[in-house]
Each structure stands twice: as structure tokens, then as C-alpha cells.
Amino acid sequence: MSFDEDAAAWYATATRGDEAPATELLAGLAGDGPVLELAIGTGRLALPLAARGLHVDGIDVAAPMLDRLRAHPGAAGMHLVHGDMTELPFEERYRLVFVAWNSFFNLLTQDAQVRCFESVAERLADDGVFALECFVPRDIPVGGYVEPDAVELGGAQIGVWKHDPVAQVIEGQHIWMGTGGITVNPIVQRYAWPAELDLMARLAGLRLVERWEDWERRTFTGSSKSHVSVYSRA
Ligand SMILES: C[S@@+](CC[C@H](N)C(=O)[O-])C[C@H]1O[C@@H](n2cnc3c(N)ncnc32)[C@H](O)[C@@H]1O
């Protein structure tokens, strides 16, 4: 997705409805902190964590997203880096590093994803953990497909996608069609199954310690569509 000014304006007020349990779980993992969020965006989770008194730093590749976050008074103490999350140019060692809302899949190659795990391992405190929230890539049609996202009076959104199961890449867009016109939000992601993520963690010297279905800590099962996975030093 191009995380431009318009996207940043949308994300600045966007909620998924899981912010309270996500913040609760993350704060529990963070202890006294500090915390580093990868792909921090406009601070949907970083701001409530900082409001709890935790020191939070972050990195994001999109300047408009960071500009929105910097404009928020709650971000005053944050060290925010404009950059790619494969490299983490921070001095601190963090009690918690996390990446939410499938943002890890914005790294478009297996190499980049492995490099990110390695960089996280370098920045974790000895008792630190890495938490990652991703979708489980089940039942994705191969080739091109269209799916309805939302239907409202006066407008509807569809997703138009192309799925390459060899590269594990999905690219396409959400298209909103309403009385005010058409808006296109392009997205490209490289997904990984939980087992591949666990192997990346092992390559980086980490190991899986917890896996839930979601921030509410529901049990992860074979039919789960998402997961929150937590890794510590091996
Ligand atoms: C769906 S938003 C999620 C933002 C935030 N994590 C949240 O949960 O609200 C995805 C974010 O990933 C960022 N992003 C995409 N690719 C990135 C990369 N390679 N390195 C760092 N950030 C990246 C985007 O700029 C955007 O802010």
C-alpha cells in the first residue's frame, strides 16, 4: 500500500476494535519497557502504550505516517526513525519489540523477513520478547480473484487481488466506489505461514514461546485465521 498523506489521514483515526486487548497484552509483555514498534504507523497501539507510562520507540518507512504520529502530544518522548524495518538503527535493548496488523508481511521477500528477525534479535534485551500479529494465509485463491469487502448505502468496497503462491505474494487493491467517486488503495504483501516464521526466528536465535489466535489470547487452532506469536531468545 502506498502510505501517503491520504492513507495517513485515514490511519490516524482508524481502529480495528482490538486496541484495548492488544494494549493490555503488549503492556504485560513489556514489563517496565522499553518498547520498540516496527511499522509503527500513526501510533494506533504505540500511543496507548506510551500513555501507560512505557517508553516507546518506533520505525516506519512512510514519512506521512510518522508526521501524523509526531504531531500527537503523546509521541513527545518517542524516538521515531524513518526507515525500513529490516534494519533497526536504535541504541537501546528492548524488553518488547512488536509488529502488528500484518505489517511484517509488508517485507516482500523471505530474505527481508529473515533480516528483520535478525535485526530484532540484535535489539532485544536478554529477557526481551518479539511479538508479531499476522493473518494465517489459508484458503487464498490462486491467480486473480475479487472479493466483496463492504457494502453500505451509497457505496461499496471490493478487493481485486492477484496471488502468486510460489513467491507467497498477494498484490492488488481495495477499491471503494461511492457517490463521491472511486478510491483505490493498492497493497502488496508477502505472507508466511506460522511455521515459516518460527523457522525465521530460529535462524535469528529466537524460539516460539506463545501463540494465540488473537490479542484476546484465544487458543490458536488449525482453523485460526490470525495469530499473535511471541518469541524469546533461544
Ligand atoms: C497497516 S499499517 C499498520 C500501522 C500500525 N502498526 C498499526 O497497527 O496501526 C502498516 C504500516 O507499515 C509500514 N511499513 C510498510 N512497509 C514497511 C517497512 N518495510 N518498514 C517499516 N514500515 C513499513 C507502513 O508505512 C504503515 O505505517
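**Entry 1**

On the side of domain 1 that touches domain 2, I listed five nonpolar residues, two polar and one charged; Ala, Val, Leu, Ile, Met, Phe, Trp, Tyr, Cys and Pro count as nonpolar, Asp, Glu, Lys and Arg as charged, and the others, Gly among them, as polar. I then looked for salt bridges (a side-chain nitrogen of Lys or Arg within 4 Å of a carboxyl oxygen of Asp or Glu) and the count between the two domains was zero.

**Entry 2: source and numbering**

I note that this is a predicted model, in which local features need pLDDT of at least 70 and side-chain atom pairs count only at pLDDT 80 or more, while totals for chains, interfaces and linings use all residues. Residues are numbered from 1 along each chain as its sequence is written, and side-chain values use heavy atoms, with hydrogens and water left out.

**Entry 3: the ligand**

I turned to the ligand and found 18 residues around it, of which Glu 37, Ala 39, Arg 44, Asp 60 and Met 85 come nearest, taking a residue as near if one of its heavy atoms lies within 4 Å. By class, this shell has ten nonpolar, four polar and four charged residues.

For the side chains, I recorded an N or O atom of Glu 37 at 3.1 Å from a nitrogen atom of the ligand, and a polar atom of Asp 84 at 3.2 Å from a ligand nitrogen. Asn 106 has a side-chain N or O atom 3.4 Å from an oxygen atom of the ligand. The protein covers 95% of the 600 Å² of accessible area that the ligand has on its own (Shrake-Rupley method, 1.4 Å probe).

Key
Polar contact = N/O pair within 3.5 Å; in protein donor to acceptor, adjacent residues only side chain to side chain.
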